[in-house]
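Good morning, everyone. Please take a moment to look at the protein on the screen before I talk you through it.

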Amino acid sequence: KYKAWRGYNVVMNVLIFPHYDSRPCFASFPQSAETYLSATNEEGEFYQLTGSLLVNDDDDDDTNNRKEPRDVQQIRNETNTRQLPCYPIANGHAILFQCDALSKVVVGIEALSPEEEDGGVLHWDIYMPNVSCPNYEPYTHVASRSCFAKGCFTKDDNTVAGDRLSDGCYKGGRICSRLDALGLPNVGSCDDVNGLFRSSL
């Protein structure tokens with residue numbers, strides 16, 4: 001009706017926030033990580049107090065008059081009361097879930113992240129870059145490869161640590177309590193606040 005995404009509600013008690021991007025630059029953070037952080041509580045549960053789907057009346061083109069439709073507001077408020085866990089997923093990362101089809105109880109049992117040869121496993125908030133080379137050679141030159149080639153991340157200008165600070169412009173450190181509550185690898189436990197990897201090989 002409002003030309004927005006349709007949720008199929010296949011799994012009743014889990015929400016996913018894909019493409020979480022906390023790189024500390026204006027082009028990334030306000031439109032992605034801030035969207036997630038402002039729509040969840042400290043436990044990582046969906047809790048969006050302010051509407052984000054704002055539309056005009058059919059005969060009104062003034063963007064200043066946009067508002068949240070009543071039926072959308074009702075859905076948002078009802079979803080808030082359900083205390084649904086909302087998992088942030090940065091590009092390249094994944095979660096393996098176990099689901100009981102009868103009770104629809106969903107449990108995250110494994111967090112999977114990209115790994116660089118001789119480097120380590122990327123932190124959960126690291127946004128994996130696009131493949132820059134047309135033939136994908138650094139990713140595929142070894143037939144039995146189980147991780148990305150050395151330098152794919154460490155030599156890439158767009159592979160940078162997410163904002164993990166509790167102060168400053170973005171306050172990206174707000175993600176830490178959510179990661180703990182959701183059972184995801186916590187970047188806050190990293191000694192190097194600017195580090196890319198959560199483990200060294």
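I will begin with the overall layout, then turn to one helix, and end with the cysteines.

This is a predicted model, in which local features need pLDDT of at least 70 and side-chain atom pairs count only at pLDDT 80 or more, while totals for chains, interfaces and linings use all residues. Residues are numbered from 1 along each chain as its sequence is written, and side-chain values use heavy atoms, with hydrogens and water left out.

The protein has four helices and seven strands, where helices (H or I, at least four residues) and strands (E, at least two) are DSSP runs numbered from the N terminus. Of its 201 residues, 38% are buried, meaning under 20% relative accessible area with a 1.4 Å probe, protein chains only.

Helix 4 spans residues 175–182, and its buried residues are Ile-175, Cys-176, Arg-178, Leu-179 and Leu-182. Seen down the axis of helix 4, these fall within an arc of 165°, so they line one face of the helix; the arc is taken from the directions from the helix axis to the C-beta atoms. Their cover includes helix 1 (33–38) and strand 2 (86–89), and just after helix 4 comes Gly-183, with a positive phi of about 75°.

Notes: Buried < 20%, exposed > 50% of the residue type's maximum accessible area, 1.4 Å probe, protein only. Contact = heavy atoms within 4.5 Å.
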